[in-house]
Amino acid sequence: MLFKDQLDFVTQHIKKNKLRVFMTILAATMGCAFLIVLASVGFGLQESLRNEILSNETVTKIQVYGDKQLTDEQVQEIKKLDHVETVLETISINASAHSFLGDRDTTSNLTLSDIQDFEQVNGKLAEGNYPSKPNEIVVGYHFAQTLLNEAERTIIAEKSKKAEADGTYYDGSEEGYKESMIGKNIDLSLVSNIGANDETEKMSYTIVGVMEKPSYDWMVDNAIHMDKAQKSVLAESLSKVSEIKEEEVFFSEFNIFADTLENVKPLLEKLKDNGYSVYSVTEQLDQMNVFFLVLKIGLIFVGTIAVLIASIGIFNTMTMAVTERTREIGVLKAIGASPKLIQRLFLMESTFIGIFGTLIAVVISYAVSFAANIALPLILKAATGEDAFATNDITFSLIPWQLVIIASAISVGVAMISGYRPARKATKIDVIQALRQEL
Amino acid sequence: MIQVENLQHTFLIGKRGKEKQVPVLKGVNFAVNKGEIVAIVGKSGSGKSTLLQVLAGFMKAEQGSIKVNGKETVHLTETESAAFRLRHFGFIFQNFQLMPGLTAFENIELPLKLQGLRKAIRNEKVKKLMDKVGLTEVADHYPNELSGGQQQRVSIARALITNPPVLLADEPTGSLDSETEQDILLLIQSLNRELGLTFVIITHDEEVATIAHRRFRMYDGELVKEEA
């Protein structure tokens, strides 16, 4: 029998029992949709946490930790490894940078790095360019905002007090220096964090670039970045006001950057094998993935129970179909239909129920998932009065294609299995008994 | 065409564990030649229906041999037996056994579908045959919209559509009035004459047996040849 004729045969029978088949498809749809939506919560939470971890970190970054600092030879050795994009040495200084612009001033962190490496890692700036001259610097996105005069400090203090009384918080974003920082000359002095807190002489620097906005709204970045060649200038300036040794003030942090996310793990293993103490955020992801894998398997298992319940309906429908059509099956067998063909026809019918139910379930699941991601934050906001749910982009439900494949396989598979016994029963029908049935 | 030798079969009747053995075929021997009509007559319970079922491969005989066109059929598996039926036998049943959800045309087309023929070829064959047996006008009618005689004609057309060498008929006129019965018998005779088809007719109706070239009588599981 041609496949098209087999399909015709099956659809003809389905049309004959529309209501019964519809109800069975409905049960299969509900089971499958429940499975997908339930598991989508696991996928959604994992995605939210993953984004949370990745948004704050450069994913290709491998941190070198421990007291031991890398020597220049080691840095060169690491740079030669496959998939290493660069090794960035960030020199932090155990002193605060006090910057002045007119009557405004601010205190911030100061870091020094090789500007070329720094540029390679940080990429695009919000404004301006990376330094090309010794006295040029790049500042954080909020540097201008934190440059305040006395009048503004008083206003911020008042606004903060008022906000506190209302139970909220004021971030000072309405005050600060409003013009572009590019090309501005600032005077910079250092205040050592150890020993005597004397301020060094002021040094003049030109701002040539402003960093991108930090990934989190609550982060305030007013750091100053300059080329590591300035280390000696700063050290000399500090030595005039305090007697602390240079190695106590400056300390280096090394970060290795892989070329792609996929290469982080092999590179990490290689560095560990070579005796370096290294860490990457991907390790945290690995642990999280294991946890979520178990959670998702659990959710899919629970969802599968719903599919199994729906399969009872399919089993009943197919058993009824076989019983009702006993005489027809008898005639088919008598005129030469093979048992395999009869089994296939009934299996096709239960498979059709499974496939159709799954298709509708997938569409419904996407709709439910979409609606949940929109409605749940609003409901939670209304219930708890917290803004966090509405603004933090939490994914409550996510349906990746893998979940659709898994759920479809389970749903269609279960439909086929539940149709198998009735189909076998159909092949076992005795021709003589069937033909004797009353019309 | 068909050679049956020493066919034996026993039914087990009664409760499990207390079954009684009832022999229904007690060493049946007969042969059917190509192009002849053979009638097997007998009372109810004589074993004639069992003989037809064994012949058609619906059930397996315990002992004996059936050769159709020289091929032994008693040892065929269920699947092989189905394929063999599709090629070698056409069936005419007492209750017509038409598919209620299919039109007359689709009922006749069914064996061709089982053979896997394409739609165009099927259409041509069915139309030709419907024309021959006088069913063109009712091609789109469903079985419940047809008279008994028309239903049996559809049933005969369905049996003929694959050009089988042998047609097995089980009480072909059992559900018909005497006038329609005559029509159907005439149709069988003309098909036999014009197309050289071989018929094996199982019946309890002596009238039906009159169209046969040869006649056997089944009596208590044994087959006896009678003069036609």
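This report goes through the domains, the contact between the chains, the packed helices and the sheets.

## Chain A and its domains

Before we start, please keep in mind that this is a predicted model. Chain A is divided into two parts: domain 1 covers 3-55 + 287-436, and domain 2 covers 66-276. How far apart do the C-alpha centres of domain 1 of chain A and domain 2 of chain A lie? The answer is 56 Å.

## Where the chains meet

Chain A and chain B touch each other through 19 residues from chain A and 20 residues from chain B. On the side of chain A that touches chain B, the elements that give two or more residues are helix H1 (3-16), helix H11 (326-334), helix H12 (339-384) and helix H15 (431-436) of chain A. Which of them gives the largest share? That is H11(A), with four residues. If you sort the residues of this side of chain A by class, you find 11 nonpolar, three polar and five charged.

## Helices that pack against each other

Two packed helices are described by the angle between their axes and the distance between the axes. The table puts both values side by side for some helix pairs.

| Helix pair | Angle between axes | Distance of axes |
|---|---|---|
| H12(A) and H14(A) | roughly 150° | within 8 Å |
| H1(A) and H12(A) | about 60° | 10 Å |
| H3(B) and H5(B) | roughly 25° | within 7 Å |

Let us take the pairs one by one. Helix H14 of chain A spans residues 401-428, and its axis crosses that of H12(A) at roughly 150°. Because of this angle, H12(A) counts as roughly antiparallel to H14(A). The crossing of H12(A) with H14(A) is right-handed. Their contact is made up of 16 nonpolar, 11 polar and two charged residues.

H12(A) also packs with H1(A), here at an angle of about 60°. Therefore H1(A) is described as oblique to H12(A). H1(A) and H12(A) cross in a right-handed way. To find this contact in the picture, look on H1(A) for Gln6(A), Phe9(A), Val10(A), His13(A) and Ile14(A), and on H12(A) for Arg344(A), Leu345(A), Met348(A), Glu349(A) and Phe352(A). By class, this contact of H1(A) with H12(A) holds six nonpolar, two polar and two charged residues.

In chain B, helix H3 (residues 104-114) and helix H5 (residues 148-160) have axes that cross at roughly 25°. So H3(B) is roughly parallel to H5(B). H3(B) passes H5(B) in a right-handed crossing. On H3(B), the residues that take part are Ala104(B), Asn107(B), Ile108(B), Leu110(B) and Pro111(B), and they meet Val154(B), Ala157(B) and Arg158(B) of H5(B). The classes in the contact of H3(B) with H5(B) are six nonpolar, one polar and one charged.

## The antiparallel sheet of chain B

Now turn to the strands. An open sheet of four strands in chain B has the order S2-S1-S4-S5, with antiparallel pairing. Its edge strands are S2 and strand S5 (71-72) of chain B, each of which pairs on one side only.

Strand S1 (residues 2-13) of chain B pairs with strand S2 (residues 20-32) of chain B through 10 bridges. Which residue stands opposite Thr10(B) in S2(B)? You will find Pro23(B) there. The hairpin of S1(B) and S2(B) has six residues between the strands, and Gly14(B) takes a positive phi near 110° in this hairpin.

Helix H1 (residues 48-56) of chain B lies across S1, S2 and S4 of chain B and runs at about 65° to S2(B).

## The mixed sheet of chain B

Another open sheet of chain B has six strands in the order S6-S7-S8-S3-S9-S10, and its pairing is mixed. The edges are formed by strand S6 (89-92) and strand S10 (222-226) of chain B. On average, neighbouring strands of this sheet are turned by 20° against each other, direction ignored.

Inside this order, strand S3 (residues 37-41) of chain B runs parallel to strand S9 (residues 214-219) of chain B, and four bridges join them. Val38(B) has Arg214(B) as its bridge partner in S9(B).

Note on methods. Residues numbered from 1 in each chain as written. Chains lettered and ligands numbered in written order. Predicted model: local features only at pLDDT ≥ 70, side-chain atom pairs only at ≥ 80, totals over all residues. Pairing = 2+ DSSP bridges. Domains from an automatic or database assignment. Contact = placed C-beta atoms within 7 Å. Nonpolar A, V, L, I, M, F, W, Y, C, P; charged D, E, K, R; others polar. Axes fitted to C-alpha atoms, helices over the stretch in contact; angles between N-to-C directions. Parallel < 35°, antiparallel > 145°, perpendicular 65-115°, else oblique. Left-handed = near helix turned anticlockwise from the far one by under 90°.
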